[in-house]
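Here is a quick tour for someone meeting these chains for the very first time. Have a look at the picture, then read on.

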Amino acid sequence: MKNLHSIMLDKEKCKGCTNCIKRCPTEAIRVRNSKARIIDQRCIDCGECIRTCPYHAKYAITDSLEEINKFQYKIALPAPSFYAQFEVDDVNKLLYALLELGFDDVFEVAKAAEIVTYFTKQFILSEKNKKPIISSACPAVVRLIQTKFPDLIENILPIASPMEVAAYIAKKKIQREKGIEEDKIGAFFISPCAAKMTYVNSPLGFERSYVDGVIAIKDVYGLVRSKLREIKDIKPLSIASGKGIGWAASGGESLALEIEEYVNVDGIHNVAKVLEEIENGRLKDIVYFEGLACSGGCVGGPLAVENPYVAKNRIKRLSSKLKDKEESLSAWTEEIINSFSLKLEDVLFEKELETNPVLELDSDIERAMEKFEKVNNILSMLPGLDCGACGSPTCKTLAEDIVRGFANDTDCIFILRENIKELANKMVELSNKLPPSLERNDE
Amino acid sequence: MLLELEFEIEPGNFILAGEASSKIKETLKKLGVKPEILKKVAIVSYEAEMNIVIHSVGGILKAIISKDKIEVIAQDNGPGIEDIELAMKEGYSTAPEEIRNLGFGAGMGLPNMKKYSDYFEIDSQKGKGTRVYMIIYNK
Ligand code: SF4
Ligand code: SF4
């Protein structure tokens, strides 16, 4: 499985402090020559290292705003979490500000989220699904499952993410309304998320993505703020309801589904813990599991600016403000679904998700078993302090790295010290010995 | 080649409960065992571990991994099961109220273990202990 990733290292800034290697949920980072190195196939782009690095040496590659000029017609797809970055009472102002940045149109990912909710409800009722159904909205969680929980792949909701649905509908709409060819229309996700960038380059469950670029919220934040000050009269552009906007924060997706038997978990390590329990056959009464890699949900995304707790509160306020309009807004959802005659089949995955077997010791089970024993033997010689000085996150990972041929036992400073001590003792011993020509026995 | 993993299970310790089966699972993932097989072993070893935690005075959980099969053995030191046939019924449980309140002991342990293993054998003597032996073929 190819697993391109978007998170990069600024070598200049990296001090090799080993903070990031400790937090990575897939043990994808090593420190070599005092610099962090990401193992491409292991990285799931959860952004945990971006948040952890005290020197801001980790960053995500995204597209610049200039990219949009490659297209004749430019559509902005703001993530629901985009709304939470600014202190505004009217979402329309924000959408208008995006137009001011050079976009010709906006389509709210929050609206697409409502469409996804609509089809997810249908899917939940279908017989063939495995419970609990695991949300596929967070690509980092999907990748975590492919890498660490391969037996849960079949529980993943095989429905396109809101971002993807938004791009699809927005492009079709413009084609229809303006008669512009599809390849002249550019759809750009305004993103809190590094994993979505990776998704666009190598989609999950689909051959290709309708999204043409991903622009970090932090990169447009300043511009949007300054535009907001200038905006006087605004056109009503927003059609998303509180339910769609609610997707920005952890639990919003489940809430929109209006079911009671759900669990929502945020933070990649917490998500991993609960996935373990699902694996054990617990959480059997749960119909839906919403796991989001970022703490707080997408509002806590690595490319978002605002404090996630403040952002979460704004999402709540915006959602409840739309309460009275909820009915007419959900009528919009159905209108869109009908006008494109969308059916569940249209949003289902085109291809199955593969497992990402990078954590396997060997593809041949017998050889893997041998390696496993070797790992354990090496591990019993290591001090078990998990200090990270060797550049691997734990003694166990070092043992595996040694067996895989990427490291040496003397990378462990304790073993190195032991060896040096032994050597020193030998030297002392040798230095006490005299050459035979001088050796004399006076007795 | 055989890989043997053995874990001692403490009775009544719900904090540690699940650790042994987690380690078994982790090992199988490192070995590249197929997801379908992994899933079965995950469930039976977890249920077996929980049974020792809930019902016994302590015991061991063991996994013997070879190329074509995974054997899971749960052996405890008592008190044993009075009526095995009854214990194998779905929903039948002797777990005390406070454990049920924790969400365990719903009486699905043994039936699930049987359901998800390819071979299932249970041996129990009142006052002595219980031994469950399961095989999951790695095909
Ligand atoms: S946290 Fe990682 S990337 Fe940041 S300075 Fe430390 S080693 Fe380098
Ligand atoms: S929680 Fe949201 S922002 Fe964070 S990785 Fe997942 S999808 Fe991206």
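## A proline with no exposure

Pro78(A) is buried, as its relative accessible area is 0% (buried means under 20% relative accessible area, exposed over 50% and partly exposed in between, with a 1.4 Å probe and protein chains only). You'll find Pro78(A) in strand S5 of chain A; helices (H or I, at least four residues) and strands (E, at least two) are DSSP runs, numbered from the N terminus. Leaving out residues up to four places away in sequence, Pro78(A) touches Tyr83(A), Leu95(A), Leu98(A), Phe107(A), Glu108(A), Val109(A), Ala110(A) and Ile190(A), where contact means heavy atoms within 4.5 Å. Between Pro78(A) and Ser341(A) there are 263 residues of sequence separation and 24 Å of space, C-alpha to C-alpha.

A word on the ground rules: this is a predicted model, where local features need pLDDT of at least 70 and side-chain atom pairs count only at pLDDT 80 or more, while totals for chains, interfaces and linings use all residues. Residues are numbered from 1 along each chain as its sequence is written, chains are lettered from A and ligands numbered from 1 in the order in which they are written, and side-chain values use heavy atoms, with hydrogens and water left out.

## The sheet around S5

Strand S5 (residues 73-78) of chain A pairs with strand S8 (residues 185-191) of chain A in the parallel sense, over six bridges; two strands pair if DSSP finds at least two bridges between them. Along that pairing, Lys74(A) has Gly186(A) as its bridge partner in S8(A).

Both strands belong to an open sheet of four strands in chain A, with parallel pairing and the order S6-S5-S8-S9. Strand S6 (105-106) and strand S9 (213-216) of chain A are at the edges with a single partner strand each, so one side of each is left without a neighbour in the sheet.

## Chain A as a whole

Chain A has 17 helices and 11 strands, and its C-alpha atoms fill a box of roughly 110 × 50 × 40 Å along the principal axes. Of the 443 residues in chain A, 55% are buried. Take the contacts in chain A between residues at least 6 apart in sequence: 78% of them join residues at least 24 apart.

Helix H5 (residues 139-148) of chain A is mostly covered, with nine of its 10 residues buried. Those buried residues pack against strand S7 (133-134), helix H7 (195-201), helix H11 (268-279) and strand S11 (288-292) of chain A.

Lys131(A) and Pro132(A) are joined by a cis peptide bond, with omega about -10 degrees. Pro132(A) sits in the loop between helix H4 (109-125) and S7 of chain A.

Thr18(A) is not a glycine, yet it has a positive phi of about 70 degrees. Its place is the loop between strand S1 (7-9) and helix H1 (19-23) of chain A, and Thr18(A) is buried at a relative accessible area of 17%. Leu283(A), also not a glycine, has a positive phi of about 55 degrees and is found in the loop between H11 and S11 of chain A.

## Two ligands

Ligand 1 has 14 residues around it, and Cys14(A), Lys15(A), Cys17(A), Cys20(A) and Cys53(A) come nearest. By class, the shell around ligand 1 has nine nonpolar, three polar and two charged residues.

## Over to chain B

S1(B) and S2(B) run antiparallel, joined by seven bridges, and Phe7(B) stands opposite Leu61(B) in S2(B).

Thr27(B), in helix H1 (residues 19-31) of chain B, counts as buried at 6% relative accessibility. Not counting residues up to four places away in sequence, Thr27(B) touches Phe372(A), Leu3(B), Leu5(B) and Ile65(B).

Key
A residue is near a molecule or strand if one of its heavy atoms lies within 4 Å of it. Ala, Val, Leu, Ile, Met, Phe, Trp, Tyr, Cys and Pro count as nonpolar, Asp, Glu, Lys and Arg as charged, and the others, Gly among them, as polar.
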